[in-house]
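Here is a short briefing to read alongside the model. Please have the sequence and the 3D view open as you go.

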Amino acid sequence: MKILFTRRRHLGSWFIRMVTWSAYSHVDFMIDDVHVLGATAPYGVNVEPTRNRLAKASKAVVMEIKGVDLDQAKEFAIAQLGKKYDWTNIIGIYFHRDWQKNNAWSCAELVAATLKASGVQLFDDKFYSRITPQHLFMLNHPKETIK
């Protein structure tokens, strides 16, 4: 499974990086070679062409995680389409509170849950609502800078 980390040159990206202590403000699940699935503000969970995500990015890295059941990952992630973006969770991370909504996702929370649904549990259950792009980026898996 490949995940795409990006950052942009705008206030929202800076805010997320500041609040989450992350080098990247966004992370997506790459559902194939041409599409990413992720939770974005203000659109919530959606699919976008990878080239569109990269066109907006000032910096981008792809990480590959082996041993993932890709069919299960896709099934879980696609079932989340249309759910809202979880801004309260992002703000809760800053205040060290679990303010996660059950029907909404932050980008990193969605990617971590997708990995878990595919059989790769990287974190203790109690921490899934506080996952940031930086937590995922720190995982020891091959990374390739693409922008």
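**The largest pocket**

The largest pocket has a lining of 20 residues, and nearest its centre lie Arg8, His10, His26, Thr40 and Ala41. On a 1 Å grid over the protein atoms alone, a pocket is an open set of points where a 1.4 Å probe fits, with protein on both sides within 12 Å along at least five of seven lines, and lining residues have an atom within 4 Å of a point. This is a predicted model, in which local features need pLDDT of at least 70 and side-chain atom pairs pLDDT 80 or more, while totals for chains, interfaces and linings use all residues. Residues are numbered from 1 along each chain as its sequence is written, and side-chain values use heavy atoms, without hydrogens and water.

*More on the pocket*
- The space in the largest pocket comes to about 370 Å³.
- Strand 1 (2–7), helix 1 (11–20), strand 3 (35–40), strand 4 (44–49) and helix 2 (50–56) each give the lining at least two residues.
- Helix 1 supplies the largest share of the lining, three residues.
- Seven nonpolar, eight polar and five charged residues make up the lining of the largest pocket.

*Backbone details*
- Ala41 and Pro42 are joined by a cis peptide bond, with omega about 5°.
- Pro42 sits in the loop between strand 3 and strand 4.
- Trp21 is not a glycine, yet its phi is positive, at about 55°.
- Trp21 belongs to the loop between helix 1 and strand 2 (26–30).

*Helix 3 with helix 5*
- The axes of helix 3 (residues 70–79) and helix 5 (residues 107–117) are 8 Å apart, and the two pack at an angle of about 135°.
- Gln72, Ala73, Phe76 and Ala77 of helix 3 meet Leu110, Ala113, Thr114 and Ala117 of helix 5 (heavy atoms within 4.5 Å).
- This contact has six nonpolar, two polar and no charged residues.

Note on methods:
Axes fitted to C-alpha atoms, helices over the stretch in contact; angles between N-to-C directions. Helix = DSSP H or I, 4+ residues; strand = E, 2+ residues; numbered from the N terminus. Nonpolar A, V, L, I, M, F, W, Y, C, P; charged D, E, K, R; others polar. Points joined across faces, edges and corners; volume = space filled by probe spheres on them.
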